[in-house]
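Take a look at the chain shown here. The report goes through its helices and then a few single residues.

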Amino acid sequence: MRRAAAALVIAGLGLAPAMATAGPDDAAALRAAAWLERQPVTGMPGGQQADAIVALRAAGRPPARLRTRLSRLARVAPGYATTAGAAAKVSLAASAAGADPSSLRGVDYLRRIRVRYASGRYGVTAFDQALSMLALSAAGRPVPAAARSALRRTRGSGGWGF
């Protein structure tokens with residue numbers, strides 16, 4: 001299961017071909033993606049819309065097939081993306097759909113991430129930190145050395161609290 005999940009994340013960030021090898025976990029992931037694709041987007045919160053876009057891309061859906069979903073997300077994203085983690089989710093979805101997260105319907109979600117950076121940390125939670133670092137990397141932007149160091153310092157210490 002971990003191999004399939006890791007493959008989905010890597011594929012979703014465009015770092016490797018999606019589902020290169022088929023196994024039981026991969027087949028389950030493809031069935032889940034087919035189910036997710038059938039779900040209505042209307043009324044879905046911004047974070048769930050962003051998660052769905054990344055998951056569908058990770059399952060091998062081409063970016064062009066995600067554009068309608070991204071357009072719907074872009075309508076609600078300005079009000080949703082008020083934290084580093086939420087802005088990172090929108091940025092990851094934009095990157096997954098082949099769009100520029102620095103100018104999604106005139107909003108720079110990468111800037112929204114960067115303005116919440118202080119002392120090696122993005123936002124206040126581990127989710128903010130992890131999603132922000134992933135979003136910057138997916139967009140081809142550098143992740144500050146201090147952010148990587150802050151992450152490394154938590155190894156073995158139990159990490160950050162939620």
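## Helices H2 and H3

How are H2 and H3 oriented to each other? This is a predicted model, and in it H2 and H3 are oblique to each other. Helix H2 covers residues 24-38. Its packing angle with H3 is about 140 degrees. Their axes lie 10 Å apart. Angles over 145 degrees would count as roughly antiparallel, so this pair falls in the oblique class.

The crossing of H2 and H3 is left-handed. H2 brings Ala33, Leu36 and Glu37 to the contact. H3 brings Ala52, Ala55 and Leu56. Sorted by class, the contact of H2 with H3 has five nonpolar residues, no polar ones and one charged.

## The chain as a whole

Now step back. The chain has 162 residues, and buried residues make up 40% of them. Its secondary structure comes to eight helices and two strands. What is the order of the elements from the N terminus on? They run α-α-α-α-α-α-β-β-α-α.

Contacts also say something about the fold. Take those between residues at least 6 apart in sequence. Of these, 57% join residues at least 24 apart.

## Helices H3 and H4

H3 also packs on H4. The angle is about 140 degrees, and the axes are 9 Å apart. This crossing is left-handed.

Which residues meet here? From H3 come Gly46, Gly47, Gln49, Ala50, Ala52, Ile53 and Leu56. From H4 come Arg69, Leu70, Arg72, Leu73, Val76 and Tyr80. The contact of H3 with H4 has eight nonpolar, three polar and two charged residues. Ala52 and Leu56 of H3 take part here, and they are also in the contact with H2.

## Helices H4 and H5

H4 spans residues 67-80, and H5 spans residues 84-96. The two pack at an angle of about 160 degrees. Their axes are 10 Å apart. At that angle, H4 is roughly antiparallel to H5. The crossing of H4 and H5 is left-handed.

On the H4 side, the contact residues are Leu70, Leu73, Ala77 and Tyr80. On the H5 side, they are Ala86, Lys89, Val90, Ala93 and Ala94. The contact of H4 with H5 divides into eight nonpolar residues, no polar ones and one charged. Leu70, Leu73 and Tyr80 of H4 meet H5, and these three also meet H3.

## A closer look at H5

H5 has 13 residues. From its first C-alpha to its last, H5 reaches 18 Å, close to the 18 Å expected at 1.5 Å a residue.

How many of the residues of H5 are buried? Eleven of the 13 are, so H5 is largely enclosed by the rest of the structure. Among the buried ones are Ala84, Gly85, Ala87, Ser91 and Leu92. Ala86, Val90, Ala93 and Ala94 are buried too, and these four also meet H4. Just after H5, glycine 98 takes a positive phi of about 80 degrees.

## Arginine 61

Arginine 61 sits in the loop between H3 and H4. Is arginine 61 buried or exposed? Arginine 61 has a relative accessible area of 11%, so it is buried.

Leave aside neighbours within four places in sequence. Arginine 61 is then in contact with Leu30, Ala33, Ala34, Glu37, Leu56 and Leu66.

## Proline 78

Proline 78 is found in H4. With a relative accessible area of 32%, proline 78 is partly exposed.

Which residues does proline 78 touch, not counting residues up to four places away in sequence? They are Val107, Tyr109 and Arg112. Proline 78 and tyrosine 109 are 31 residues apart along the chain. Their C-alpha atoms are separated by 8.7 Å.

## Valine 143

Valine 143 lies in the loop between helix H7 (126-138) and helix H8 (145-153). Its relative accessibility is 16%, so valine 143 counts as buried.

Beyond its neighbours within four places in sequence, valine 143 is in contact with Met133, Leu136, Ser137 and Arg148. Valine 143 and arginine 114 are 29 residues apart in sequence. In space, C-alpha to C-alpha, they are 9.9 Å apart.

Key. Residues numbered from 1 in each chain as written. Predicted model: local features only at pLDDT ≥ 70, side-chain atom pairs only at ≥ 80, totals over all residues. Heavy atoms only, no water. Axes fitted to C-alpha atoms, helices over the stretch in contact; angles between N-to-C directions. Parallel < 35°, antiparallel > 145°, perpendicular 65-115°, else oblique. Left-handed = near helix turned anticlockwise from the far one by under 90°. Contact = heavy atoms within 4.5 Å. Nonpolar A, V, L, I, M, F, W, Y, C, P; charged D, E, K, R; others polar. Expected span 1.5 Å × (residues − 1). Buried < 20%, exposed > 50% of the residue type's maximum accessible area, 1.4 Å probe, protein only.
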